[in-house]
Amino acid sequence: MFCGMHTVRLYANKSRAKILFSVDKSDYEIGKFQFPVDSSSLFDALPASRITKGLLSNQVISKAVIFDSIDSTNLELARRIKSGEGLQGEMILAEHQIAGMGRRGRRWYSPSRSGVYCSILWRFPKERMCDLGGLSLTVALSVIQSLDESGFTGLQVKWPNDVYLKNKKLAGILVEILDADMSDNAVSLIIGIGINTASSDLTHQDAPVQSISLEDVSGARVDRANIILSLSRSLERDMRQFEMGGFGYFHEKWDSFDIFRNKKVTVEFGGKTVTGIAKGVTASGELMLSTNDGIKTFNCGEVSMREGDDCCN
Ligand code: BTN
């Protein structure tokens, strides 16, 4: 299995979460759904009509569903796929996740209206499965590009798919692949993206790194709808490109955002550690390390700087 990509086997029971808004572009209508007002929240609710209007011309996102509170948008999409409801390009968004999931079994702390929490269903040809190693890296670059277009500069990627700002984690990606149905010629991927937008107390984030939010750097309220729409445009462009040529097209771009390039790092995988100088990634997205025993490549693991260095724990 590729790094940043998990296999989903367990399906929880059907969610009872309340859907705030659901619209399918073939049945597009604004205002026929109710939006309960969460007066306790300091932050604005997602403007569903603006989001769906903005998605109308998007060739990759076919449908958007917004939940007020849910266990996890990835889990919801898995349930929909399992029950045969999931549509190619369907996007699930939530204002709040009570069991947001991160990589390596960690939790993704998802306070109400304080982040972008979304998952997208994407079907990918089975015969191209070997290209999937670079997918989560591509999505991380897409997130960076979209935030850059919204005026947030200085973003970096930490292999395999974390987005960093000022040496702190801003966004994370969890790509899950559903147990393949052998009769089918495509696999279903769930691409989960979490971006910290508001300055909530993110010290709860269940990861051995420090977190940051967009508002921490801008000092002003962030319009989450703008971020979502900009992300959708980036994904539209990059997913099509990835579908045509895999990670190859993004390889050089990775180098220019790589937080660890030419730095001394340690990779930890399966209880072992290897130290070396980070030399970017291969054309299929594997991490390259120059070690005393030559160049080594990794398709999985956790990278960190040496103790005493001040970057990224
Ligand atoms: C990580 O860096 O560990 C990955 C974090 C991924 C979080 C997102 S939030 C939306 C989607 N739903 C989840 O439960 N997880 C992903």
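## Helices α1 and α5

Let's start with a pair of helices in this predicted model. Helix α1, which covers residues 48-55, crosses α5 at roughly 15°, and the two axes come within 10 Å. Because angles under 35 degrees count as roughly parallel, α1 is described as roughly parallel to α5. The crossing of α1 and α5 is right-handed.

Which residues of α1 and α5 make the contact? On the α1 side they are Arg 50, Ile 51, Gly 54 and Leu 55, and on the α5 side they are Ala 225, Asn 226, Ile 228, Leu 229 and Ser 232. Sorted by class, the contact of α1 with α5 has 5 nonpolar residues, 3 polar and 1 charged.

## Helices α3 and α5

Helix α5, made of residues 224-245, also packs with helix α3, made of residues 135-149. Here the axes lie 8 Å apart and the angle is about 140°. That angle makes α3 oblique to α5. As for handedness, α3 and α5 cross in a right-handed way.

The α3 side of this contact consists of Leu 135, Thr 138, Val 139, Ser 142, Val 143, Gln 145, Ser 146, Leu 147 and Glu 149. They meet Ile 227, Ser 230, Leu 231, Ser 234, Leu 235, Arg 237, Asp 238 and Phe 242 in α5. In this contact of α3 with α5, 8 residues are nonpolar, 6 are polar and 3 are charged.

## A look at α3 itself

How far does α3 reach from its first C-alpha to its last? Its 15 residues span 21 Å, close to the 21 Å expected at 1.5 Å a residue. After α3 comes Gly 151, which has a positive phi near 100°.

Much of this helix is hidden from view: 12 of the 15 residues of α3 are buried, so α3 is largely enclosed by the rest of the structure. The buried set runs through Leu 135, Ser 136, Leu 137, Thr 138, Val 139, Ala 140, Leu 141, Ser 142, Val 143 and Ile 144, and also includes Ser 146 and Leu 147. Several of these buried residues, among them Leu 135, Val 139 and Leu 147, also take part in the contact with α5.

## The whole chain

The chain has 313 residues, and 50% of them count as buried.

Finally, consider contacts in the protein chain with a separation of 6 or more: residues 24 or more positions apart account for 69% of them.

Note on methods. Residues are numbered from 1 along each chain as its sequence is written. This is a predicted model: local features need pLDDT of at least 70, side-chain atom pairs count only at pLDDT 80 or more; totals for chains, interfaces and linings use all residues. Side-chain values use heavy atoms; hydrogens and water are left out. Axes are lines fitted to C-alpha atoms, for helices over the stretch in contact, and angles run from 0 to 180 degrees between N-to-C directions. Helices (H or I, at least four residues) and strands (E, at least two) are DSSP runs, numbered from the N terminus. Angles under 35 degrees count as roughly parallel, over 145 as roughly antiparallel, 65 to 115 as roughly perpendicular and the rest as oblique. A crossing is left-handed if the near helix is turned anticlockwise from the far one by less than a right angle, and right-handed if clockwise. Contact means heavy atoms within 4.5 Å. Ala, Val, Leu, Ile, Met, Phe, Trp, Tyr, Cys and Pro count as nonpolar, Asp, Glu, Lys and Arg as charged, and the others, Gly among them, as polar. The expected span of a helix is 1.5 Å times one less than its number of residues. Buried means under 20% relative accessible area, exposed over 50%, partly exposed in between (1.4 Å probe, protein chains only).
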